[in-house]
Every structure is written in C-alpha cells, then in structure tokens.
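Colleague: I would like to learn how to read helix faces, backbone angles and domain contacts in a model. Where do we start?

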Amino acid sequence: MNYKITVLPGDGIGPDIIAEALKVLDLIGEKYGHSFLYTEADLGGIALDRHGEPLPQVTVDTCKGSDAVLLGAVGGPKWDTLPGNKRPEAGLLGIRAALGLYANLRPAVIYGALKDASPLKTEIISNGIDIMVIRELTGGIYFGKRGRLDSEGGEAAFDTEMYNVSEIKRIAKVGFETAMKRGKKLMSVDKANVLESSRLWRQVVEEVAKEYPEVALSHMYVDNAAMQLVRNPAQFDVILTSNIFGDILSDEASMITGSIGMLPSASVGSSKLGLYEPIHGSAPDIAGQDKANPIATILSVAMMLRYSLDLTDEADAIEKAVQDVLNSGYRTADIASPGTKVVGTKEMGKLLREHM
Ligand code: NAI
Ligand code: MG
C-alpha cells in the first residue's frame, strides 16, 4: 500500500529526531512492502521565519491531504518574546483544531530496563506502569470565552470551562474503545464536587458506559487523581479527562516513568487522520548536537502505524525493537545510568533499525 505522510520537523531537536524516525519508517516500508510518501511542511518557529505565521494555510492543506501527520517539536528562545497568538505553540494548537483532533492519547509506560529512571520508590513501581491518558483536546477552558474587564477590585480576567454533550460523548467513546483494547478499566477524572461542567461530564460518561458493559468504569476527582498517580500508579489503566486536567495529569503520569525522551503521543479525531508527536519540546539546549533521544518520536511512528494506518504488526515490530535495544544496554544521555553504554541520536536510530 501507499501512504501519504505529512512531516512537520519543526524547531530545535525536531529535525534531528524526525530524521531517525523516517529512517525507521523507511525500513518498515522495505520489510512489509509499503511505500511511505513524505511531504515536508513548516510549523512553529520555522514557519514564522519563512512565512510570517506559525501555521501557514499551505501546511493545513498539506496535512488535510495526507493519511497521517508526524511532528517533531516547535518553539525556542528565538521566538519567546512574541505575543501569544504569534508564538510557535499557537501553530500547534491551531493544527490540532484545524484537523479536528479532539482526542489526545498519551501512554505512560515504564520499560523494564528503565525502572531506575523513575523518581518513585522501587516498591511503588515494582509491577510496572502502563497507563493511557486520554485528554480532550479541542474544548474546555483552553478554547472557552476569555477576556478582561473592569471590576471593583481593579482589572479582572476570566476564562470559561464549557463542554457540551456531543463533545463529551465523542471523547468518552474514545475512552471506552481504548479500554476495550486494553485492560477494560476506565477511570474518568473530573471535579464534579465543584464544577457544573464536570457534573455534565460525569452524567454523559455514565450514559455512554451503557454501550460498553464489559468496561469497569469509575470516577475520581482530579485532586485525588494527582495524588493517586504518585501513591499507587498501578491502579490505573485508561484515564479519561478534560483538556486542562489532561494537560496536567498527562505530564505527571509521564514523569513518573522518568523519561521525557521516551514517550510518544497521538492526537486523533473522527477520521483516520491523526497527528503523532513526542511529548517533549524542542530542547534548544541540545539541538543539532546528536544528543536527543529519538525513541519518543520513533514510538510516535508506531502509534501512527497502529491508529491511523491499521498496521499493527509493523507497530509491534518497532515497540519490540525499542525493548530489545534498551535490554542490550544502550542509552541516550537522558536515560543513561551507571553501567549502560551512551550513544547519540543517530547511533540509537541505527541500533534500533538493526534490532528490527
Ligand atoms: P523540552 O521538553 O524541550 O526540554 C526539557 C528538558 O528535557 C531539556 O533539558 C531538554 O534537553 C530535555 N529533553 C527534551 N527532549 C529530549 C530528548 N528527546 N532527548 C533528550 N533530552 C530531551 O521543554 P522546555 O525546555 O520547557 O521547552 C523548550 C521549547 O520547546 C520551548 O520553546 C517550549 O515552548 C517548546 N515546547 C514545545 C512542545 C511541543 O512542540 N509539543 C512541548 C513542550 C515545549
Ligand atoms: Mg502541557
């Protein structure tokens, strides 16, 4: 089969890690008889430099015409002084919205060989961690009405948390479908003891649950969830939550695995077209130095194969190669520990391909 992939390398280490990810994808093509056609487009700082805006229309059009989008990372000190709507990150929010990607899937997994990388005590993670955080991505307070006004106490500012039934329903469905493919356990996280939007959220999730009798659904308040993630993370399988709570909890969940350079993400919507990217940023401190860990981006390629292209064996092959290369003792600097062999971005990519 032929697949059209839009590639958005972005800024900083983006181009370094994307280069390795594409070589992995080429090898998958060779081994399994697929051809991946890449079209590169600009997003973020590089788009500001070349087109004067973080998300040029041509980038949106290119993404829309493809089967999947692979993104490196955007941003850097060069663009930090620009106003909010002109910053590279505005391009990221913009492309998610333009493609209707309302669900963000972030696995937090501890690879056996990396157990000592977690900041948690060994006894807490002795049974491993394998959590999938599903965050609503195009609604809630990040997209609600905001503004400034005068008040008795001086200038005031407000943001609005709002969800409607259809927004909650579609993200809940992603939650239940994902739970069906995993441990059939779903934890919906909200703040229903205080927020009206959370009460509607809970009500709709309960309603959708009737279509999935096999899934064990529970609810947790977000403050407790933040606590439970460090107290007993093994109790979680799939976590379903709103945009802002998901932003915070998915960062927390990823850090308990100890390795920002290891974790991929997928943003998906109602069509097969999805956007795949590592969870880390553009790491300007190590850009262009052959130091970045390419594994998060390579695992994002595996998610792309699994969710957008339905190529499960191919995705499995990449994930297994990652396990194998870590078991063989090779590490990039960010995940190194005493006794392991430290390699650069390119060498790590090469080792992975050899294991495949
Ligand atoms: P960051 O994730 O870029 O870096 C945090 C730390 O982790 C740095 O010490 C960096 O060297 C290290 N690191 C990150 N990825 C790594 C990798 N693959 N291998 C080895 N080490 C890695 O976050 P930071 O420093 O807060 O932000 C830098 C820039 O990235 C900013 O402009 C920020 O706005 C942007 N950013 C972009 C994101 C995206 O494109 N999705 C997400 C987060 C930040
Ligand atoms: Mg965040």
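Modeller: We start with one side of a helix. This model is predicted. The face of H10 turned away from its buried side carries the exposed residues, which are Thr 312, Asp 313 and Asn 327.

Colleague: Which residues of H10 are buried?

Modeller: Glu 314, Ala 315, Ile 318, Ala 321, Val 322, Val 325 and Leu 326 are the buried residues of H10. Around the axis they cover an arc of only 130°, which puts them on the same side of H10.

Colleague: Why do residues three or four places apart point the same way in an α-helix?

Modeller: They do so because an α-helix has 3.6 residues a turn.

Colleague: What covers the buried residues of H10?

Modeller: The cover includes helix H1 (14–32), helix H9 (295–307), strand S13 (330–331) and helix H11 (345–355).

Colleague: How many residues does helix H6 have, and how far does H6 reach?

Modeller: H6 (residues 196–209) has 14 residues and reaches 20 Å from its first C-alpha to its last, close to the 20 Å expected. Its buried residues are Ser 197, Ser 198, Trp 201, Val 204, Val 205 and Val 208. Viewed down the axis of H6, these buried residues fall within an arc of 125°, so they line one face of the helix. Glu 196 and Gln 203, on the other side of H6, are exposed. Helix H5 (165–181) and strand S8 (185–190) are among the elements that cover the buried residues of H6.

Colleague: Next, backbone angles. Which residue just after H10 takes a positive phi?

Modeller: Gly 329 does, with a phi of about 95°. A positive phi in a residue other than glycine is found at Lys 184, where phi is near 60°. Asp 290 is also a residue other than glycine with a positive phi, near 60°.

Colleague: Where does Lys 184 lie?

Modeller: Lys 184 is in the loop between H5 and S8. Lys 184 has 15 other C-beta atoms within 10 Å, so Lys 184 is partly exposed.

Colleague: And what is the place of Asp 290?

Modeller: Asp 290 is in the loop between strand S12 (274–278) and H9. Asp 290 counts as partly exposed because 14 C-beta neighbours lie inside 10 Å.

Colleague: How many residues surround ligand 1, and which are the closest?

Modeller: Ligand 1 is surrounded by 21 residues, and the closest are Gly 75, Gly 261, His 280, Gly 281 and Asn 293. By class, this shell has 10 nonpolar, 7 polar and 4 charged residues.

Colleague: Last, the domains. How is the protein divided?

Modeller: Domain 1 is 1–106 + 260–356, and domain 2 is 119–256. Their centres, taken over C-alpha atoms, are separated by 25 Å. In the contact between them, 12 residues of domain 1 meet 13 residues of domain 2.

Colleague: Which elements give two or more residues to the side of domain 1 that touches domain 2?

Modeller: Those elements are helix H4 (88–98) and strand S4 (103–109). S4 gives the largest share of that side, 4 residues. The residues of the side of domain 1 that touches domain 2 divide into 8 nonpolar, 2 polar and 2 charged.

Key. Residues are numbered from 1 along each chain as its sequence is written. Chains are lettered from A and ligands numbered from 1 in the order in which they are written. This is a predicted model: local features need pLDDT of at least 70, side-chain atom pairs count only at pLDDT 80 or more; totals for chains, interfaces and linings use all residues. The expected span of a helix is 1.5 Å times one less than its number of residues. A residue is buried if 20 or more other C-beta atoms lie within 10 Å of its own, exposed if 12 or fewer, and partly exposed in between; C-beta atoms are placed from the backbone. The arc is that of the directions from the helix axis to the C-beta atoms. Two residues are in contact if their C-beta atoms, placed from the backbone, lie within 7 Å. A residue is near a molecule or strand if its C-beta atom, placed from the backbone, lies within 6 Å of it. Ala, Val, Leu, Ile, Met, Phe, Trp, Tyr, Cys and Pro count as nonpolar, Asp, Glu, Lys and Arg as charged, and the others, Gly among them, as polar. Domain bounds come from an automatic or database domain assignment.
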